[in-house]
Amino acid sequence: MPIRQLPEDLINRIAAGEVVERPASVVKELVENSIDAGARRIVIATANGGMDLIRITDDGHGMARDDLLLSVERHATSKLASDDLDDIRSLGFRGEALASIGSVARLSVASRPVDAESGLVIVVDNGRRTGPMPQAMNRGTVIEVKDLFAQVPARRKFLKSARAETGAITDVVKRLAMANPEIHFILEGTDRTMSNWPAVSGEGALAARLGQVMGADFVDNAVPLANARHGVVVAGMAGLPTYTRANSLSQFYFVNGRSVRDKVLVGAVRAAFADYTFRDRFPVVALYIAIDPAEVDVNVHPAKAELRFRDQGAVRSAVIRAIGMALAAAGFKASTSVAEDILGAFNAPEMDEPAAPAPLPPPSASYQTPSYGWSHDRAPLNFDRSPSQLAGFTAPSARVEEIAAPAVVEDFPLGTARAQMFDNYIIAQNGSGLLLVDQHAAHERLVYERFKAQLASGPVASQAQLIPVVVELPEEDCARLEEAAEELEKFGLYLDRFGPRAVAVRETPALLGQSDIAGLVRDLADGLAEWDSTAALSDRMEAIIGRMACHGSVRSGRRLRVDEMNALLRDMEATPHSGQCIHGRPTYVELKKADIERLFGRSR
């Protein structure tokens, strides 16, 4: 076929396919224009998932006649002062949104600037323009989009259900509200329950807006981020490692006020939390990056949803450092959601209504007592409730010992030890409630953090074995350990090949004390087989010291003295990240006095 020039309406519809993917993308483009116009109150109304109606009302600067006419033309924008695409400081800059929307829907734009007595409205019906005409209205702009893709059935049939499109619009507006706490957002319509996020300002504005959008539960279980490194400013909030989700939908990323999806930021967050969460759990974060516009390219995606950093390493480093510092400052703090899970476990299950008992047969000489599963030679139960049988009920049922409290419980955040249950769980009391501490998980984290601190300053201190410990292993495992021996010496573990199917351990990390050396060596051998590369051993530092910490911690089943339990609690208070073990599980659960009273119905 010969080459031909495409008609203007077809060009516009093809261009619209890049920008107008679904109703949510229309909302995004229009609300971004309102933000760029200096609006302080934006109302978004929708019907039928945005397919029938999208209305955006703002109180921004508004447009005069000439600007209104140009606003619906392709490649016309007020957002670029020059032709320099390396210095973009606005959200919308391509100048295609209104023209693209008007080519696939019925678009009306009404606007009134500050110095005008009345407004003007212009209508673009699937590419055909009429107006402008006078319009009575308040200062600002009102944009209506009706019957999206009605005349492009091939596009409309690929839209999802009204409920799905409504949810997508909600997600877009949430992100825009999170990025602009100083703006009042209202989301309403016939297809939804109204959402109202009033503007917030001053210190704590960001936390207040995140509480509005993500819920107060997130703010209560998150730590603030604040760090500047290599020209990259990182702010926002990150959920505690014990406050996680089953997917990454609760991770929000903003760069210079723009909501984005970026692999560098996702990878940085994953790396920052790798030490503290399960592999199949995802942290909850709201991450805000401020960077010189010349250092980031936001022009790599038609919908501006993706970008490219000039120095990805600097951004990654700044994010990891900011999250690491925030989690370290949180210390032993664990999320309150852990206690909520515990309280939920205490709720008694609802029982089905018992069936009505069968009527007893009339007494007769031939009637025999039915069998209920117990042996007939057992003594019959005595249901006599005479006072004589309950006379000693008020007496103690066990021996009582006086326990001297070593200190006032209010003196310590994790309280003082009161008892040990099942040889693994410490019961402690502080000034506001009760704490249950997993001694193995807690000590595992303590040993792990000490390992990291020693590695940061040099090789880990080791202690020699009086007699080398010989560990028998398959020949291939012995070969892997022999190849990795030099690297393992940095971690305080010295071993040599001892025949074809064994290794001899001469020295072990001093931090481990009297640990299960054979179990540790076998565990490391399994890890080397899984990683399948000794060259990358230094990159597996967390995994190696994690395995060592697990073998060097206080084991479940060990009975501790009161002074040992209190020493463990004090170490937890002084150690960062001690609120969760190295596998991401909580190391302690705190039940407030009010929570305990709820269990017994005293709060009613």
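## Buried rings and a helix pair

F218 counts as buried, because its relative accessibility is 1% (buried means under 20% relative accessible area, with a 1.4 Å probe and protein chains only). This is a predicted model, in which local features need pLDDT of at least 70 and side-chain atom pairs count only at pLDDT 80 or more, while totals for chains, interfaces and linings use all residues. Residues are numbered from 1 along each chain as its sequence is written, and side-chain values use heavy atoms, with hydrogens and water left out.

**Aromatic pairs**

- There are two aromatic pairs, counted where ring centres of Phe, Tyr or Trp (its six-membered ring) lie within 6.5 Å.
- F218 lies in helix α8 (residues 216-220) and Y243 in the loop between β10 (232-239) and β11 (244-245), 25 residues apart.
- Y243 is buried too, at 4% relative accessibility.
- F254 and Y288 have ring centres 4.7 Å apart and planes at 15°, so they are stacked.
- F254 belongs to strand β12 (residues 251-255) and Y288 to strand β15 (residues 285-290), 34 residues apart.
- F254 is buried at 1% relative accessible area, and Y288 is buried at 13%.

**Helices α6 and α7**

- Helix α6 (residues 162-179) packs with helix α7 (residues 205-214) at about 165°, with axes 9 Å apart.
- The two helices are therefore roughly antiparallel (over 145 degrees).
- The contact (heavy atoms within 4.5 Å) joins K174, A177 and M178 of α6 to L206, R209, L210, V213 and M214 of α7.

Note on methods: Axes are lines fitted to C-alpha atoms, for helices over the stretch in contact, and angles run from 0 to 180 degrees between N-to-C directions. Helices (H or I, at least four residues) and strands (E, at least two) are DSSP runs, numbered from the N terminus. Angles under 35 degrees count as roughly parallel, over 145 as roughly antiparallel, 65 to 115 as roughly perpendicular and the rest as oblique. Rings of Phe, Tyr and Trp (its six-membered ring) pair if their centres lie within 6.5 Å; planes under 30 degrees apart count as stacked, over 60 as edge-to-face and the rest as tilted. Buried means under 20% relative accessible area, exposed over 50%, partly exposed in between (1.4 Å probe, protein chains only).
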